Amino acid sequence: MLSKNIEIALNKQIRIEAESSQIYLSMACWAEVNGLEGIAKFMYAQSDEERLHMLKLIKYVNERGGHAQITDLNAPNTSYETFKGMFEALYHHELFVSNSINELVHITFEEKDYATHNFLQWYVAEQIEEEATAKTILDKINLIGDDKGGLYLFDRDIQLIAVAAGTTAPK
C-alpha cells in the first residue's frame, strides 16, 4: 500500500510525464511545419516515450492500492525562435524532470517505502540518459553554428536516433 504522501507525489509525477509528452509533441509540430523532418520524427518518438513513462507510473499507483489521477495540463509552448532555442528548452525541461524524480526518491526514503524507491530507480537511470541525450544534441548544435549544411545533416542524423530507439513515430 502506498502512503497518501507517496500517492500524491506519484500523481504529481504522472502530470509531469504527461506534460513532458505534450511538450515534445508541440516541439514535433513546430519542427514539422518548419521543414525539420528529422527533428520532428525525433520529437514524436520522444513524446511517445514520455507517455509510456506516464502509463508506467499510473499502473504502479493503481496496483499498489492508490488511485492515479489524470488532471488538466499546462499548455506547452507552440513556437520557438530557433531550433537551438527549442533544444535548450528541452534540456532545461529534462533537468526539471530529473529534479522532480530525485525529490520523489527522497520522499520514498522519508516514508521508508523501499518498494517505490526500487521502482523509481528505473526513472533515475532514464533521466540520466535523457539529460545526456539532450546535452549531446546541444553540443552538436553548437558545433554547427549557423551553417545551413550542418543543419541539414543534423536534421537527417537526429532522425536516426528515433529509428535506433525502435520507435514508431508518424511518417
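**Notes on the helices, cores and salt bridges**

1. Lysine 41 and glutamate 37 sit four residues apart in helix 2, about one turn of the helix (helices are DSSP runs of H or I, at least four residues, numbered from the N terminus). Their side chains form a salt bridge, with the closest N and O atoms 3.5 Å apart (a Lys or Arg side-chain nitrogen within 4 Å of a carboxyl oxygen of Asp or Glu). Lysine 41 counts as buried at 18% relative accessibility, while glutamate 37 is partly exposed at 48% (buried is under 20% relative accessible area, exposed over 50%, partly exposed in between; 1.4 Å probe, protein chains only).

2. A word on the basis: this is a predicted model, where local features need pLDDT of at least 70, side-chain atom pairs count only at pLDDT 80 or more, and totals for chains, interfaces and linings use all residues. Residues are numbered from 1 along each chain as its sequence is written, and side-chain values use heavy atoms, leaving out hydrogens and water.

3. Helix 1 holds a pair of its own: arginine 15 and glutamate 19, four residues apart, meet in a salt bridge at 3.0 Å, N to O. Together with Asp72 they make a salt-bridge network.

4. Arginine 64 is in the loop between helix 2 and helix 3, and aspartate 113 in the loop between helix 3 and helix 4, 49 residues apart.

5. The largest nonpolar core has 26 residues, and Ile39 and Phe83 are among those with the most contacts inside it (buried Ala, Val, Leu, Ile, Met, Phe, Trp, Tyr and Cys joined through side-chain atoms within 4.5 Å). Helix 1 gives the largest share, six residues.

Note on methods. Helix = DSSP H or I, 4+ residues; strand = E, 2+ residues; numbered from the N terminus.
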